[in-house]
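Dear colleague,

I am passing on to you the structure shown below. Please keep it open beside this message while you read the notes that follow.

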Amino acid sequence: MPVRGSPTTQRGRALDERGPGPCEVVLGVNGTERTLEIEPRVSLLDALREHLQLTGAKKGCDQGTCGACTVWVDGRRVLACLTLAVTCEGHEITTVEGLADKDELHAMQQAFIAEDAFQCGYCTPGQIMSAVALLDEGHAHDDAEIGEWMSGNICRCAAYPRIRAAIRAVRDGTDQAQQADQARQTAHPDQERPDQESAP
């Protein structure tokens, strides 16, 4: 009769059976390793909000249909209310609190303010997390594509036109910056970019 060993992860580390009571869970959140004592059944959303006091991700439907709880795991959009926190060990979690660079807001956060892309603001953190990912995924060529790939994030206040405007502003601003840089490099191919250091 074959003997079954401990199941392993893709990284080859043995998975110990845990639960049903609280157990140690180590999460990498916004670049910082955090250790929690939670039951294995605790969702990522509850771990963030109730245990780490990161309340940016919102609990809306708690059924994975509204998108208010959107965060990133290894750079990919996930619904934190449907994701078990314990499954995120060994992965990098990013919440809306991790977007800003100290006191400098992310370009998408600035655009949401400039374009008045919210009303009550409850869905805004999830909208922003999806909007940034949307651009990284290359799904913002026109309003129809933006609407399709943002469809998992519901805004009860119906601020969709302003949300799309904010996404376009960041998209076009990025494109213009890249075009200006390319034009400058074409005109002055031997000139170093400001972010380049001279070779030793």
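A salt bridge is a side-chain nitrogen of Lys or Arg within 4 Å of a carboxyl oxygen of Asp or Glu. Please note that this is a predicted model, in which local features need pLDDT of at least 70 and side-chain atom pairs count only at pLDDT 80 or more, while totals for chains, interfaces and linings use all residues. Residues are numbered from 1 along each chain as its sequence is written, and side-chain values use heavy atoms, with hydrogens and water left out.

**Salt bridges**

By the rule above, the count comes to seven salt bridges. One of them joins the side chains of Arg-77 and Glu-137, at 2.7 Å from N to O. This pair links distant parts of the chain, 60 residues apart: Arg-77 is in strand β4 (residues 76–79) and Glu-137 in helix α3 (residues 124–137). Helices (H or I, at least four residues) and strands (E, at least two) are DSSP runs, numbered from the N terminus.

Arg-77 counts as partly exposed because its relative accessibility is 24%, and Glu-137 is partly exposed at 35%.

Another salt bridge is formed by Lys-59 and Asp-46, whose closest N and O atoms are 2.7 Å apart. Here too the pair links distant parts of the chain: Asp-46 is in helix α1, while Lys-59 is in the loop between α1 (44–51) and β3 (70–73), 13 residues apart. Lys-59 is partly exposed at 31% relative accessibility, and Asp-46 is partly exposed at 22%.

Arg-168 forms a salt bridge with Asp-143, with 2.9 Å between the closest N and O atoms. Arg-168 lies in helix α5 (residues 160–187) and Asp-143 in helix α4 (residues 143–149), so the pair ties together parts that are 25 residues apart in sequence. Salt bridges that share partners join Asp-143, Arg-164 and Arg-168 into one network. Arg-168 counts as partly exposed at 27% relative accessibility, as does Asp-143 at 34%.

**Helix α1**

Which residues of α1 are buried? They are Leu-44, Leu-45, Ala-47 and Leu-48. Their cover includes β1 (23–29), β2 (32–38), β3 and β5 (92–94), where contact means heavy atoms within 4.5 Å. After α1 comes Gln-53, which has a positive phi near 55°.

**Helix α2**

Gln-109 lies in helix α2 and counts as buried because its relative accessibility is 12%. Not counting residues up to four places away in sequence, Gln-109 touches Val-96, Leu-99, Ala-100 and Ile-128. A polar atom of the Gln-109 side chain lies 2.8 Å from the backbone nitrogen of His-106. The C-alpha atoms of Gln-109 and Ala-166 are separated by 8.8 Å, although these residues are 57 residues apart along the chain.

Ile-113 is also placed in helix α2 (residues 107–114), but Ile-113 is exposed, with a relative accessible area of 53%. Together with Leu-105 and Phe-118, Ile-113 forms a nonpolar patch on the surface, with about 250 Å² of accessible area in total. Patches are made of residues with over 30% relative accessible area and no salt bridge: like charges are joined within 9 Å, nonpolar side chains (Val, Leu, Ile, Met, Phe, Trp, Tyr) within 5 Å. Accessible areas come from the Shrake-Rupley method with a 1.4 Å probe, and for residues only the protein chains shown count as cover.

With kind regards

Technical notes: Buried means under 20% relative accessible area, exposed over 50%, partly exposed in between (1.4 Å probe, protein chains only). A polar contact is a pair of N or O atoms within 3.5 Å; within protein, one must be able to donate a hydrogen and the other to accept it, and residues adjacent in sequence count only if both atoms are side-chain atoms.
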